[in-house]
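Visitor: Could you show me how to read this model one feature after another, with the general idea first and the particular case after it?

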Amino acid sequence: MASSFSIAPSRYAADPEAALHEEIRSHTGCDMETSTIMRCIERLGFDPDIRRYEMTPTTKKLGHRGSAPVTWSVRAVRV
């Protein structure tokens with residue numbers, strides 16, 4: 001079962017993209033979901049008021065064959 005995790009904006013800004021991709025992939029287990037999370041973080045931006053980005057899994061009840069069994073929501077936690 002997937003579990004929630006968070007990443008500090010300073011960590012995202014400091015690491016090469018490939019290292020961050022691997023870190024997120026270790027939590028999601030899926031390249032497609034990892035890419036989606038990375039795009040969400042980029043869209044949320046790097047406002048200095050953001051303390052961390054929280055990723056929370058939601059299990060899909062119904063889905064298409066071959067789709068990821070978990071979707072992730074990304075939220076910026078501000079000061």
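Visitor: What share of the contacts in the protein chain with a separation of 6 or more comes from residues 24 or more positions apart?

Guide: A contact here means heavy atoms within 4.5 Å, and residues 24 or more positions apart account for 52% of the contacts with a separation of 6 or more. Since you will want to know the basis of such values, note that this is a predicted model in which local features need pLDDT of at least 70 and side-chain atom pairs count only at pLDDT 80 or more, while totals for chains, interfaces and linings use all residues. Residues are numbered from 1 along each chain as its sequence is written, and side-chain values use heavy atoms, with hydrogens and water left out.

Visitor: Which elements does the protein chain hold, from the N terminus on?

Guide: Helices (H or I, at least four residues) and strands (E, at least two) are taken as DSSP runs and numbered from the N terminus. By that rule there are 3 helices and 3 strands, running β-α-α-α-β-β.

Visitor: In what order do the strands form the sheet, and is the pairing parallel or antiparallel?

Guide: Strands of a sheet pair through backbone hydrogen bonds, either parallel or antiparallel; the criterion used here is that DSSP finds at least two bridges between the two strands. In this model the order is E1-E2-E3, in an open sheet with antiparallel pairing. Strand E1 (5-7) and strand E3 (70-78) stand at the edges with a single partner strand each, so one side of each is left without a neighbour in the sheet. From one strand to the next the twist averages 25°.

Visitor: How many bridges join E1 to E2, and over how many do E2 and E3 pair?

Guide: E1 and E2 are joined by 3 bridges, with Phe 5 standing opposite Met 55 in E2. Strand E2 (residues 50-59) pairs with E3 over 9 bridges, and Ile 50 stands opposite Arg 78 in E3.

Visitor: How many aromatic pairs does a search of the whole structure find?

Guide: A pair of aromatic rings is described by the distance of the centres and the angle of the planes. Rings of Phe, Tyr and Trp (its six-membered ring) pair if their centres lie within 6.5 Å, and planes under 30 degrees apart count as stacked, over 60 as edge-to-face and the rest as tilted. The search finds 1 aromatic pair: Phe 5 and Trp 72, edge-to-face, with 5.5 Å centre to centre and 65° between the planes. Phe 5 lies in strand E1 and Trp 72 in strand E3, so the pair ties together parts that are 67 residues apart in sequence. Both Phe 5 and Trp 72 are buried.

Visitor: At roughly what angle do the axes of H2 and H3 cross?

Guide: Two packed helices are described by the angle between their axes and the distance between the axes. The axes of H2 and H3 come within 9 Å and cross at roughly 120°. That makes H2 oblique to H3, given that angles under 35 degrees count as roughly parallel, over 145 as roughly antiparallel, 65 to 115 as roughly perpendicular and the rest as oblique. Among the residues making the contact are Leu 20, Ile 24 and Thr 28 of H2, together with Asp 31, Ile 37 and Ile 41 of H3.

Definitions and conventions: Axes fitted to C-alpha atoms, helices over the stretch in contact; angles between N-to-C directions. Buried < 20%, exposed > 50% of the residue type's maximum accessible area, 1.4 Å probe, protein only.
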